[in-house]
Amino acid sequence: MSHFAAIDRVPGDPILGLLDAYRADSNPAKLDLGVGVYKDALGITPIPYAVKLAERQLVEHEPTKSYIGGHGDAAFGEQLLRLVLGADNALLGAGLAGATQTPGGTGALRLAGDFIAAQLPGRGIWLSAPTWPIHESIFATCGLRVEHYPYVGADNRLDVEAMLDALQRVPAGDVVLLHACCHNPTGFDLSQHDWQRVLEVVKARELLPLIDFAYQGFGDGLEQDAWAVRLFAAELPELLITSSCSKNFGLYRERTGALIVRAENFEKLIDIRSQLAFLARNLWSTPPAHGAAVVASILGDAQLRTLWTEEVEAMRLRIANLRNGLVSALAPHGLAERFAHITAQRGMFSYTGLTASQVQRLRQEFSVYLVSSGRANVAGMSEQRLDYLADAIAQVCR
Ligand code: LMR
């Protein structure tokens, strides 16, 4: 008898799988606009200088490699709470919010999913359509009922009315996943007015928001991008937030993130945190230390923090310039208006509106790699390659 004979093959990851295909492509003109990593003008994903400096200090002064606790690095947790919720947020002094360190934002989502499944049985989770494909698989794997609310229509435009309409019919108590900024995959963000309206529905329907905050600093700025998270934390007694340091600290492979809980009172926060520590122990025991130590060092040091803030801002501005540059490069092809939405979108990604077959042609004929949904990683472009890209897009749009 074979134990493994009945095991099927699953398709490769829709995003990470593109990396392998791109690496195997021998065309020197190839362009990787798949996985969400920031690249500089040389096509390299840089390690921020602030990170390098913090790492140097750690090499010299890190006292031990012993385990960190179930909630991770306490200094990291404190600093991250201040970054996400605001340095002088009264919730922090009152002990109404806590961070549990996780392996990246993905780990935080998994921890949140397991927590909901274990402690809030029967609750469904509502995801935007479309959303990051891994949201779908994580929560399904946790055994949650996964449902969808509309977000972007067939015309590739944000449809807030349809979203609100659907949320109004979500069963009371269900969880609604919202993207704090830089919506993945579309790049279409809610306005402050839209967020206020979502908040009203969340209150009226007694929904539990889970806000995914993976791109702080890449939309309108580090503080500006936290606006909705802080509004919800101020207005709602209970809230879950997943935070990632992958993009804004350039710490992708160090797997650095956290699940933040805002609870109604201190005792309840401790109860919830005990459950999270239990779940985390059974998932990864204790989280990886290095990335969190780097983040804590940067945020806890005025000079490093200033340097890092400038570096995040430089990445943000460069992405915004690339958006404008691409639309300008499309103009001679008569496509500026058709792709004008690229400049209205925020963050790393653009839902271009290109079809799966156009994406396939881009890959086969031009070695340009996008996710099959038509999502392009704008942060993977370079100024020098915009004409090539615009030309390729024009050809597949003919
Ligand atoms: C992406 O969407 O490309 C990023 O969030 C990276 C990932 O893990 O998929």
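1. Helices (H or I, at least four residues) and strands (E, at least two) are taken here as DSSP runs, numbered from the N terminus. The model is a predicted one: local features need pLDDT of at least 70, side-chain atom pairs count only at pLDDT 80 or more, and totals for chains, interfaces and linings use all residues. Residue numbers run from 1 along each chain as its sequence is written, and side-chain values use heavy atoms, with hydrogens and water left out.

2. The chain is assigned two domains: domain 1 (14-47 + 304-397) and domain 2 (67-300). Such bounds come from an automatic or database domain assignment. Taken over C-alpha atoms, the centres of domain 1 and domain 2 are 26 Å apart.

3. How many residues of domain 1 are in contact with domain 2? There are 26 residues of domain 1 in contact with 30 residues of domain 2, where contact means heavy atoms within 4.5 Å. The area buried between domain 1 and domain 2 is about 2500 Å², and carbon and sulfur atoms give 64% of that area. Trp308, Arg346 and Tyr351 supply 29% of what domain 1 buries against domain 2, more than any other three residues. Buried area is the accessible area (1.4 Å probe) that two parts lose on being put together, summed over both.

4. The rule finds one salt bridge across the interface of domain 1 and domain 2, a salt bridge being a side-chain nitrogen of Lys or Arg within 4 Å of a carboxyl oxygen of Asp or Glu. Asp220 and Arg346 form a salt bridge, with their closest N and O atoms 2.7 Å apart. Across the interface of domain 1 and domain 2 there are also 13 residue pairs in polar contact, both residues at pLDDT 80 or more. On the side of domain 1 that touches domain 2, α12 and β9 (349-351) each supply at least two residues. The largest share of that side of domain 1, nine residues, comes from α12.

5. Polar contact means a pair of N or O atoms within 3.5 Å; within protein, one must be able to donate a hydrogen and the other to accept it, and residues adjacent in sequence count only if both atoms are side-chain atoms. The side chain of Gln216 reaches the backbone oxygen of Leu222 at 3.0 Å. Gln216 lies in the loop between β6 (208-213) and α9 (227-235). Its relative accessibility is 2%, so Gln216 counts as buried. Buried means under 20% relative accessible area, exposed over 50%, and partly exposed in between (1.4 Å probe, protein chains only).

6. In α15, the buried residues include Leu386, Leu389, Ile393 and Val396. The buried residues of α15 pack against β1 (31-32), α12 (302-330), α14 (356-366) and β10 (368-369).

7. Most residues other than glycine have a negative phi, and most peptide bonds are trans. Which peptide bond has omega near 25°? The bond from Asn184 to Pro185 does, and this bond is cis. Pro185 is in the loop between β5 (175-179) and α8 (192-205). Another cis peptide bond joins Ala129 and Pro130, with omega about 5°.

8. Cys182, not a glycine, has a positive phi of about 55°. Cys182 is in the loop between β5 and α8 and is buried, at 1% relative accessible area. Arg255 is not a glycine either, and its phi is positive at about 50°. Arg255 is in the loop between β7 (239-244) and β8 (257-262) and is partly exposed, at 30%.
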